[in-house]
Amino acid sequence: MARQPVEIELQIHSLSDQGLGGGEHNERPVWVRNALPGETVRARILKRRGGQRCADGQPLEQGSPDRVPSACAYFPRCGGCATQHLAPEAQLAHKAKQLADQLQLQGIEPSSWRSPVALLRLGYRRKARLGVRLVGETVLVGFRESFSNRVARIDSCLTLTPELSRLITPLKTTIAQMSEPHTVPQIELAQGDGQCAVIVRHLQPLSAGDVALWQSFAEHWRVEVLMQSKGYDTLKPIAATQQQMQLLHYQLPEYGLTLGFYPHYFTQVNAPMNRELVRTVMGYLGNLRGRVVADMFCGIGNFTLPLARAGALAIGIEASAEAVAMAAKNARANGVDSRCTFHAADLYGDTGGLMSQGTSQDNGGAPQSGIDAQLNHFGAAPEALILDPPRSGAGPNLPSWAAMSSVEQIVYVSCNPVTFASDAKRLHELGYRLAKVGVYDMFPGTAHVETVGNFVRQTIGG
Ligand SMILES: C[S@@+](CC[C@H](N)C(=O)[O-])C[C@H]1O[C@@H](n2cnc3c(N)ncnc32)[C@H](O)[C@@H]1O
């Protein structure tokens with residue numbers, strides 16, 4: 001017989017960076033989903049993790065003034081979101097506080113703050129990786145449940161765009177009709193401005209019936225279906241008439257740009273917020289005409305192409321050779337290829353650092369390795385850098401980039417306030433002041449914090 005979860009009552013005094021209410025019971029920390037600071041909650045312990053407890057909570061009496069009814073019926077069990085019970089303004093304040101706390105921890109005081117930026121609250125999410133699980137005869141397709149590896153029972157999702165959300169139920173039906181439904185562990189969804197794509201990971205070869213099933217899914221829902229038997233290099237369109245994957249596209253209308261991408265590439269999930277990010281970065285850089293700017297971790301050119309359009313000489317560097325090729329293709333398609341160049345490099349590895357100190361002109365003609373030649377592609381070293389790294393931050397080569405004597409400004413886009421703050425400290429030690437910083441609600445309702453910071457080189461005595 002399954003053990004009944006233990007029920008306790010406790011006071012919540014904090015909200016974690018995962019959106020969990022924090023309290024104590026029997027002198028042990030307890031993290032409670034659906035609980036807010038100031039509330040007394042009845043909580044069911046769902047999981048023990050080391051000395052800590054993870055629980056599901058219900059407020060007793062009146063809840064926190066920041067509590068709102070969740071718009072989503074699957075919250076808080078579905079782990080796709082973390083803070084649907086928190087008022088939108090309080091979510092923003094919580095994200096801004098996390099950033100402020102991390103900066104304070106590192107001893108960094110920004111010269112000014114931008115108010116948190118929020119746009120679409122629901123229906124914004126254009127990319128998702130969903131788990132698939134067979135429970136008896138029932139197929140589940142969804143995010144993982146919080147505190148568990150189980151797939152949440154959902155029929156739709158309010159954070160996904162309506163065009164992607166409406167596919168969840170038909171995906172479940174279609175997988176259930178396959179000859180071996182348990183051989184599909186995962187589905188990925190992606191959307192451009194309009195078009196949608198579905199990646200179906202399958203562990204065994206498909207039968208003729210399975211192929212016909214997915215072909216009719218693709219036709220009926222007017223989406224591209226790609227079957228993936230192993231790595232992404234095995235992606236194959238299901239449509240009999242199609243040899244090649246189709247490109248998805250998104251636009252950056254302020255810059256007259258259309259960027260193509262394949263569904264498995266990195267793209268920012270929230271299209272209106274991405275436009276705001278690009279606008280912010282470009283605003284910080286100011287007049288770009290004739291200036292050399294390097295876009296580190298450039299992906300498919302989301303910032304590089306606007307730079308080039310605005311008159312800069314833009315250098316994009318990125319680890320993924322596929323993304324670099326796509327960025328170059330996007331530059332050609334938008335007629336800005338004469339003003340930008342792209343290079344594949346592991347920016348965390350030895351060759352991602354500069355071999356010379358200062359500019360390459362200071363290098364005395366010594367043979368170059370590292371990314372010196374790439375950063376000097378236009379015959380002058382960059383005056384400004386954009387950094388948009390993964391969660392782990394800018395990495396070990398940051399000091400060598402920031403030490404280039406030509407660099408006056410660094411605009412840093414971050415998806416992790418912890419690494420942003422520790423990199424801010426490193427930049428401060430290298431002579432850069434955090435002139436302005438703010439959070440951007442890229443994933444409302446979730447714990448994700450997106451930050452843009454503008455660092456400027458301190459003038460002597462400045
Ligand atoms: C947060 S994304 C930003 C992409 C792009 N700036 C955008 O806005 O779409 C981070 C990028 O860093 C790239 N990346 C990850 N590890 C890297 C590494 N070691 N060296 C260079 N690029 C890396 C990823 O491929 C991804 O494109």
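Two strands are taken to pair if DSSP finds at least two bridges between them. In this predicted model, six strands form an open sheet of mixed pairing, in the order E1-E5-E6-E4-E3-E2. Strand E1 (7-11) and E2 are the edge strands, each pairing on one side only. Within the sheet, strand E4 (residues 28-33) runs parallel to strand E6 (residues 52-59), and four bridges join the two. Val-30 has Arg-53 as its bridge partner in E6.

Strand E6 also contains Asp-56. The relative accessibility of Asp-56 is 17%, and this residue therefore counts as buried, the cut-off being under 20%. A polar contact of 2.9 Å links the side chain of Asp-56 to the side chain of Arg-33. Leaving aside residues up to four places away in sequence, Asp-56 touches Val-32, Arg-33, Arg-42, Ala-43, Arg-44, Leu-46 and Pro-76.

Helix H1 (residues 88-105) comprises 18 residues, which at 1.5 Å a residue should span 26 Å; the end C-alpha atoms lie 26 Å apart, in agreement with that expectation. The buried residues in H1 are Ala-90, Gln-91, Leu-92, His-94, Lys-95, Ala-96, Gln-98, Leu-99, Gln-102 and Leu-103. An α-helix has 3.6 residues a turn, so residues three or four places apart point the same way. Just after H1, Gly-107 adopts a positive phi of about 75 degrees.

Terms used
Residues are numbered from 1 along each chain as its sequence is written. This is a predicted model: local features need pLDDT of at least 70, side-chain atom pairs count only at pLDDT 80 or more; totals for chains, interfaces and linings use all residues. Side-chain values use heavy atoms; hydrogens and water are left out. The expected span of a helix is 1.5 Å times one less than its number of residues. Buried means under 20% relative accessible area, exposed over 50%, partly exposed in between (1.4 Å probe, protein chains only). A polar contact is a pair of N or O atoms within 3.5 Å; within protein, one must be able to donate a hydrogen and the other to accept it, and residues adjacent in sequence count only if both atoms are side-chain atoms. Contact means heavy atoms within 4.5 Å.
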